Every structure is written in structure tokens, then in C-alpha cells.
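Me: I'm new to reading protein models. Could you walk me through one, feature by feature?

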Amino acid sequence: MSDDPRIGTPGTYEFSAPDGVLDVEWIGLDPMADTRARAHAQRVESGSGGEYVVTQIRRRAATGWQAVPRTTSTPSG
């Protein structure tokens with residue numbers, strides 16, 4: 001995990017598996033931050049050699065923690 005002093009502030013993302021938190025990173029507040037968080041989750045999984053699966057991503061916002069879906073939904077046409 002990172003020792004970034006921004007950890008815990010808005011823009012922090014938490015990556016969890018059923019056994020607990022795997023990683024915490026400050027990724028940012030911009031509109032593409034969720035996309036980067038999903039990519040980070042994939043790196044965490046591949047870096048574990050398949051031992052861990054990220055089952056939840058949470059984003060720290062000014063009002064508390066918010067769930068981030070693993071995939072983006074697209075409107076059906």
C-alpha cells in the first residue's frame with residue numbers, strides 16, 4: 001500500500017477482496033479516475049498471480065465512501 005499523504009482524502013480508492021482490503025491508492029477526482037481505478041484493480045489481480053480477486057472498489061468522496069462498479073454500463077440502443 002502507498003504511504004501517500006493524500007490517502008483518506010477525497011480521491012482515495014480502496015480495493016477489496018472477500019478477505020479484506022488489498023490496496024489503497026489516491027487516484028484523483030477527475031472524471032477519468034474511476035476508469036483508472038478499474039485498471040488499477042486489474043493490475044492488483046494480475047500482480048497477485050490470480051491469488052486475489054478484487055470484489056469491491058470504493059471511492060472516498062467528501063460525503064463518505066461510494067461504491068465504484070467494476071464495469072461501466074452502456075445504454076442499450
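Predicted model: local features only at pLDDT ≥ 70, side-chain atom pairs only at ≥ 80, totals over all residues.

Me: Where do I start? How many helices and strands are there in the protein?

Reply: Begin by listing the elements: you'll find one helix and four strands. Then put them in sequence order, which gives the pattern β-β-α-β-β.

Me: Let's zoom in on strand 1. Which way do its side chains point?

Reply: Here's the general idea: in a regular strand, side chains alternate between the two faces of the sheet. In strand 1, Thr 12, Glu 14 and Ser 16 point one way, while Tyr 13, Phe 15 and Ala 17 point the other way. Are they buried or exposed? Every one of them is buried, so strand 1, residues 12-17, is mostly covered, with six of its six residues counted as buried under the 20% cut-off.

Me: Which strands pair with strand 1?

Reply: To read pairing, look for bridges and check the direction of the strands. Strand 1 pairs with strand 2 (residues 20-26) in the antiparallel sense, over six bridges. A hairpin of two residues joins them. Strand 1 also runs antiparallel to strand 3 (residues 56-61), with four bridges between them. For particular partners, Phe 15 bridges to Asp 23 in strand 2, and Ser 16 bridges to Gln 56 in strand 3.

Me: Can we finish with a single residue? Where is Val 21 found?

Reply: Val 21 sits in strand 2. Its relative accessibility is 40%, which is why Val 21 counts as partly exposed: that class covers the range between 20% and 50%.

Me: How far is Val 21 from Ala 67 in sequence and in space?

Reply: Always check both distances. Val 21 and Ala 67 are 46 residues apart in sequence, and their C-alpha atoms are 14 Å apart in space.

How values were computed. Residues numbered from 1 in each chain as written. Heavy atoms only, no water. Buried < 20%, exposed > 50% of the residue type's maximum accessible area, 1.4 Å probe, protein only. Pairing = 2+ DSSP bridges.
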